[in-house]
Structure formats: structure tokens, C-alpha cells
Amino acid sequence: MIFQMINRLSKSKLKLLILTLLIFLQPFFAVAQNDTDISFFPNKSIEFIDLLVTVVLITVASIVVLLLKLISNTNKTANDQTEHKKSKFKEYISNLNANEIELIKRKRIKNNNGLSLVILGLLYLVPQIIFAQTGPAKREDIFSEPGIVITLVLIFIPLFFALLYLVSKVTTSFRNYHNFQKLKEAEAFAAFISDDENMPSNTELEEIKQKSTYEVVPNEISAGKVSHDSKGLLKNITSETNYRFFATKRPPIKRPKIDPALTKLVLWFLGTAVFWLFVGSSVGEYVGIKFIVPDADTYSWLSIGRLRAVHTNLVFWAWATIGIMGLGYYIVPMVSNAPLNSIKNGWTALICVNFAMFVGAITIMVGINNGGGEYREIIWPIMAIWAVGLLLTVINFIKTIAKRTTTEIYISNWFIVASYIFILIVAFIAYIPMGQDGIGETIVQGYYMHQAVGMWFMFSMLGVLYYLLPQQLNKPIYSYSLGVLAFWSQILFYTVIGTHHFVFSALPWWLQTVAIVGSVGMLIPVVAGTTNYLMTLRGSWSKVSNSYSLPFFFVGIIYYFTGSFQGTAEAFRSTNLIWHFTDFTIAHSHITMYGIITFLLFGGIYAIVPRLTGKEPPQLGVGAHFWLALIGLQFYTIPLMIGGTLKGLMWAEGAPFIDSVVMMGPYWLWRAIGGTLMWLSHIVLVYNMYKMMQPTVDVDVKQKAFEIINQNLETNLAEPKI
């Protein structure tokens, strides 16, 4: 009876009803703050208890919405079966193309329930934010005692996960019910097409077969003739899209499935990489907040000095490294046209790098670290395990390339294998204790820091781009020769530029000059590589808006050019005198490591994962990920470049150091805002990865129907004849 009453309500009325109930209940939860109220956050208006209640209410509301969606879908399916079954079956028969069937399935209306829940949650918090504050909250009540707060948190944690489990079970039930209805539809379609009255004639079947297998002769299509699709060439014709505000993305071209064992390995590499991105950027988000709220906590293991090292090591050696390895395990066998040499060694490498990063993050937070160098805070026994993972990988790649069936080694494999060789050499030199006393440690630090960025992250991702960009455009790379020029010139110049971080230091003057000259020489590989990529894109710009991965690749290419030129500009003594030790360097590091490396990794994930799983990411999710990351990066880097320049000028004028700290306050606020947007984009990426990698598969009605028909035929043939 209740379900029947709910079904009579339209979806808009249901949303209005839920919104009205939440607003009506606000006075019971959110009241004006006075000096006797309890606040988990001193001098803040949002109470801890209210936060718990808010999360619970939002979670319960999501369950209600899912149930309503299940009920609505049940009624829709029933009506569809009774009223439109016959016409839908005829449509299946008229076009037996799998891609079009998938598009038909995707045309079901998707309510943006997630956005509605966010809006409801924000509206729920509005009274708590805007109600008058009559005085600072005191912590004298029993609920403000640390023991009580910890107890409430411990009670809430299992409750929260129980609610999440309930949501997942409801979602799974909805998906299973949907697939059950698809199976019923497939059975009905099998019965429908098996009926002699509905079964297409041989002539009709032959016509459909000719349309699906027709190939165009090069000189057949010409202008001046009336368009008529007698060959069945036009597919997926529709005037409707899920989100008219966004361009419809082109689904990836179906390829023959690669080895399932290799598919699983690659997905685990990319999945764990995304996990570490979320963890590492969450730590960075908290560090950014502490720049504007430095007294947010007093725990030593949450100090900025330790958390900053955790953030950099996780996003460098966990997220970026593991992501690069995952893309390499896909690309190297693909361009070699040979199977991977050893799947087992790939799993061993995955375990090594993940274990090293997990233990390394904990040791840094508890105070066990190698304090002698930036980006190498993790102690050498742990990084040795990490290096073993990379060593196993490069051996695996070299043996795979040795088994190639192609005549040449494609340029991607040049870059990828060379990057592993360089990073192993760099890591060995960085951690070996010989020659690392005094000024020698500074030289090694400059070498290690810059070689890790340029000859590992940048070198390997350029190799990835040489494969994925032509693949996504379905055209060859513009110039193989430019790729070779970029390869050797980067090896020549990048290996000597590390000490440009120590201009005007105690290092020999000639060594500083060599680094500056090498920085200028880096313009050669940068211009060669950028030209190669942009010329490959030439004539295919229309594909960018219709692709999941190409927008990320394009942003990475632009930042590769601008960020590299910026690095050259920073190397000169005149500019180094102003920008060194300021926030300008932090902005530059994020332009390179995020704008180039991370954006290229994003594009690589969206290019490869749908091909491995056969599932596309949500179009709205990909758009939200792209724009949150790009806008967040602008909000992060531009204010820091401006503030860093002003800070350097203040130091040059002899202003007190504390004045420059006060001056940077607004710029650090923008840094926190930009970092928050980037962090939110990573949450969206986690959701998109889940949608692309979830194990459940929607039932293909046409495919299942013909499986049923085939089973019936085999059963009839197996029955003994009387």
C-alpha cells in the first residue's frame, strides 16, 4: 500500500517532499549557538554531533532514493514489457549490431540523485552555518571531554561503515534486479524470434548480414549523390544525449581481448596507483589547510614537516610510479606484439612497491626518516624493496622486447626502458653513503631530485604518450625522427641540470654554469617533443571534445611546453636570485608533476581501462574530474607564482622575514582552495575507476537471447528421436 502511494508521486514531488521534511526537522538539530553549547571545533558553528547526524541522514536519504529508484524501475520495466515489447523486439531484429544495442540500453533515464543528495546535505548544514553566534563555544560539557569524543567516534565508525554496506547492498540488489529483468526480456525475445510468424526470412537475414560486413571501396563515396544508406554504414544515429551541456564522448574501439592474466595485473597496478593518489593528496590537502590554520593539531606525527614528506613521497613513488608501471605493462607487450615475459614477476613487483610505500609512509610519520635529502626521506632498507620492484619490471620489459615480432623497437619502448635504467642508477647514487658528506651531499641531492623528475617521470610518460596519443587519434605519430631527437637530446642536457637548484651556493661556479647551460639546452627536446605531439593532433582537433583521454593529453602537452620553459627561465642567475626558496618553486613543481605527469596519467587511465574492462566511465564524472583538476591547478599555481615573486622582491629589499609570511596569507588561502578542488577531482577519479572496474556486467539482451536459442537447438538435437 505504501509503495503504491509512493509510485503515484512524481520524482520531482518526491524530491520536494524530502527537502521539505529536512527543512522542517532543522529546528530540532540546528539551533542558535550560545556560550553553553558544545563544539568539537572551538569557535566554529558546526557541532561534532550535528556532523554525525548529517552524515547519517544523508546516507539514509540515499538509501531511500535508491529504493524509490528500484520501485520506479520495476514499474517502468513492467509497463515496457506490456506495451512496447513487440516494437522493441522488431527493432532488435532490424539491426543486429552489438554497439547499437548497448547504446539503446544506455538511453535509460538516469536521475542525478548524487547531486540532489549533495544539495540536500548542504541545505541541511545551512542553518548551522548562518545561525547567530552569541559567544565562543566552551568545552566544559561532558560531551566535550576527549574520552567522550573518542567514544562517540568509535561508535560512529562501525555505524558509518554499516550504512555504507547497506547502501552497497541496496545498489547491488537494484543491479541484480535490473539484470534479472534483462534475462526475462532475453527469454521473451528468444521466444518471439523463434516463432515462425516473427522470424525473419532468409532474404532479410542475408540483407542484414551484408550490411554488417560491408566494406567501403576507396573510390565509392563521392559527392553529388543523394544520401541513401542501403549498405547499413550509418550507426548509432541519435539526436539525444544524456547531458546536452556536454559533448557526447566517443566510446573506445573494441579490441581483441588481451591475456586475462595481464589485464588483471594492469588493473591492479592502476587501481592501487589511484588509491595512493587519494591518500597522498589527502595528506597534501591537510598540509595546505595547516598553512592557514597552523594550530589545527598538536601531534608530532601530523606536523607539517613529516606530512609534507609523506605527501611528496606518496604522490611521487606510489601514485606516479605505480601508475607508470601499470601503463608500461600494457604498452610494452602491445607495441612489441608479444606476450609479457613473466606475469608472476609483475605481481612480485606490484607487491614490492606497494609494501615499500605503505611502510615508508608510516616510518616518516613516526619520525624514522633519512633527513638528508628532499624526496628521499624514506630510509634505504625500505626503498631497496621499492627498487627491487622496478628492477624486476625492467628485466621483464627487456625480455618481452627481445621476443618482439616487429622489426624495429618502437620509440615508446625506447623511452620506457631507458627511464627504468635511469631511475635505478639515480636511486643507487642517492642512497649509497659514499661521497655524501658536506657539499657532496648537496651535489648528490641536486642530481637525484632533478633526474628523478626528468629522467624517470617525464621520460617514461613521454614514451607512454608516443603510444597512446596516436592510438587515441587512430593515426601515426607525426615524425619518428623528432622523437629520436627528443630522446637523445634530453639524455644529453637533462643529466647535467640538477645543480641549477643551488645557484649562488658553495658549489663550484663552473658546475652551476654547466647546469644553466644544460637548462637552456633542454629547449631542444621540449620543442621537438611538443611539435611532434601537436602536429600529430593537427587535423584531429574535433576528436578532442569527443574523447575521454585526449583533453587530459592536450593539457599535459601544453604544460610540458610551458612548464619546461618556465624551468629554463628559473635557472638563470638573475631570476634564481628572486624566485629561489620562495613559493614560486612550489608552483613550478606542481605545474610539472601535476600539470604534465599526473594529467598524462589521467589520460592514460581513461584510454586503457575501458579497453580492458569493456566499461566506459560516466561522462559527467570524467568532465567533473577534468575541470576540477584543471581549475584547481590554476587556483593553486598562479597565486603562488605571484606571491612567490613578491616574497622574493621583499627579501631583496631587506624586509623582515615575518612580513613576507604575513604577506603570503591570502596566496596560501588560494593554494588551499585550489588544492581542495584538485583533491575533489581525485575523489571523482576514484568513483570513475570503480564504475570502470566494477565486476558486475549488464546483460546483453540480444546476445543472451541467441544463447538461449542455441541451447534450445542443442537440446533438441540431443533428444533421442522416437
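1. Lys647 is buried, its relative accessible area being 8%. In this predicted model, the side chain of Lys647 forms a salt bridge with that of Asp583, with 2.6 Å between N and O. The pair joins distant parts of the chain, since Lys647 belongs to helix H21 (residues 619–652) and Asp583 to helix H20 (residues 583–613), 64 residues apart. Asp583 is likewise buried, with a relative accessible area of 4%.

2. A salt bridge also connects the side chains of Glu374 and Arg308, at 2.8 Å from N to O. This pair too links distant parts of the chain: Glu374 lies in the loop between helix H11 (343–366) and helix H12 (380–402), whereas Arg308 lies in helix H10 (residues 304–336), 66 residues apart. Glu374 is partly exposed, at 27% relative accessible area, and Arg308 is partly exposed at 32%.

3. Asp297 and Lys290 form a salt bridge in which the closest N and O atoms are 3.2 Å apart. Both of these residues are buried. The count of salt bridges in the model comes to 3.

4. Thr263 is located in helix H9 (residues 260–292). Thr263 counts as buried because its relative accessibility is 12%, under the 20% cut-off. Apart from neighbours within four places in sequence, Thr263 contacts Ile258 and Leu612.

5. For the protein overall, the secondary structure consists of 24 helices and 0 strands. Of the 722 residues, 45% are buried. Among contacts with a separation of 6 or more, 84% are between residues 24 or more positions apart. The accessible surface is about 36,900 Å², and carbon and sulfur atoms account for 68% of that surface.

How values were computed: Residues are numbered from 1 along each chain as its sequence is written. This is a predicted model: local features need pLDDT of at least 70, side-chain atom pairs count only at pLDDT 80 or more; totals for chains, interfaces and linings use all residues. Side-chain values use heavy atoms; hydrogens and water are left out. Helices (H or I, at least four residues) and strands (E, at least two) are DSSP runs, numbered from the N terminus. Buried means under 20% relative accessible area, exposed over 50%, partly exposed in between (1.4 Å probe, protein chains only). Contact means heavy atoms within 4.5 Å. Accessible areas come from the Shrake-Rupley method with a 1.4 Å probe; for residues, only the protein chains shown count as cover. A salt bridge is a side-chain nitrogen of Lys or Arg within 4 Å of a carboxyl oxygen of Asp or Glu.
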